[in-house]
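Please read these notes alongside the model.

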Amino acid sequence: MLNKNYNNKIEDTFAECFSGKYIRALITAEDEDTLRQAAYDSTSTPGAVIGRIEGGVECFLSEDNTPDGRLGAIVQYWFGLDDMDKYELELSYRIRQDVLVKPFTRMFSYITEKDIKGSIGMMKQVGHCGDGYEWTENKFNREMINVPIAVPDFQIESKLSYGEGVMGANFWYMCKSKEAVLGAGKLAIDTIMDIEGAISPFGICSAASKVETNYPWIGPTTNHPYCPSLKKDIENISKVPDNVKYIPEIVINGINMKTAKLAMKESIEAVLESDFAEDIVKISAGNFKGELGEYNINLLDIL
């Protein structure tokens, strides 16, 4: 339960969220360095806001909790559109360029059966990297595609299943100091990684965005009323509180609404109960006035 002394820091506003499809997968590797590189490389930018895939590392697993008895990372890849052909292609880029090329890696579907809405076959866009020499086999109680490569061999489950969840849950923590930006932000990310089914696709994000833009070909641009460096120049419309120098954002995707709300709640509480709380002036959230997203999560309701 949040300390009541911090209640006055919570703005009465909401995070605007969207529905999206997600692949929840497991990457395994022989060593921790390779595993982390594959997991973080394959889930890095770009994002769904520009019509691409966005992803994140959910958590890391010990050898006792993976099908092949090796270190593992649960990762998520999110897509906000219904164009499944594009989703399949974008996903394959992540796998081919960031996982397959890492030595001794494997990849498994990791979604809970009750959450499955469909699946994407991996042979067309990934398996055929074997140039016709690839084969399938039953291994680890799954149907696996074996892709022969120069460091033998990359293996991936023949189908990666997808579910439907919530994208874009978020909160802003308005700070007086750089230390609060980085220190409290790290605590928020660590807290989210402890919640099953949640990711933070952008880590500590420096760029709150808006959709009403002077440059529509770019997509969302800077949310200028919340830019501390512009406060003196746009005093009449600036929404930056006194003493606030930084407004970082934490974005959360969750495999369902319950997960997204829990991740928001616990990461906000971690921020406000941290050693950096005195340097945090206000907690707010990003939205588009309720005009774009299907779901609104009110900060006061979850806290």
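**Notes on the model**

1. The sulfur of C17 lies 15 Å from the closest cysteine sulfur, that of C205, too far for a bond. A disulfide here means a pair of cysteine sulfur atoms within 2.5 Å. C227 is in no disulfide either; its nearest cysteine sulfur, in C205, is 12 Å away. Searching the whole structure gives zero disulfides.

2. This is a predicted model: local features need pLDDT of at least 70, side-chain atom pairs count only at pLDDT 80 or more, and totals for chains, interfaces and linings use all residues. Numbering starts from 1 along each chain as its sequence is written, and side-chain values use heavy atoms, with hydrogens and water left out.

3. C17 counts as buried, at 0% relative accessibility. C227 is buried too, at 16%. (Buried is under 20% relative accessible area, exposed over 50%, partly exposed in between; 1.4 Å probe, protein chains only.)

4. L26 sits in strand β1, residues 14-29. (Strands are DSSP runs of E, at least two residues, numbered from the N terminus.) L26 is buried, at 0% relative accessibility. Beyond four places in sequence, its contacts (heavy atoms within 4.5 Å) include L61, I74, M107 and F108.

5. E157 belongs to strand β8, residues 154-157. E157 is buried at 14% relative accessibility. Its side chain makes a 2.8 Å polar contact with that of R142. (A polar contact is a pair of N or O atoms within 3.5 Å; within protein, one must be able to donate a hydrogen and the other to accept it, and residues adjacent in sequence count only if both atoms are side-chain atoms.) Not counting residues up to four places away, E157 touches M107, F108 and M122, among others.

Notes:
Helix = DSSP H or I, 4+ residues; strand = E, 2+ residues; numbered from the N terminus.
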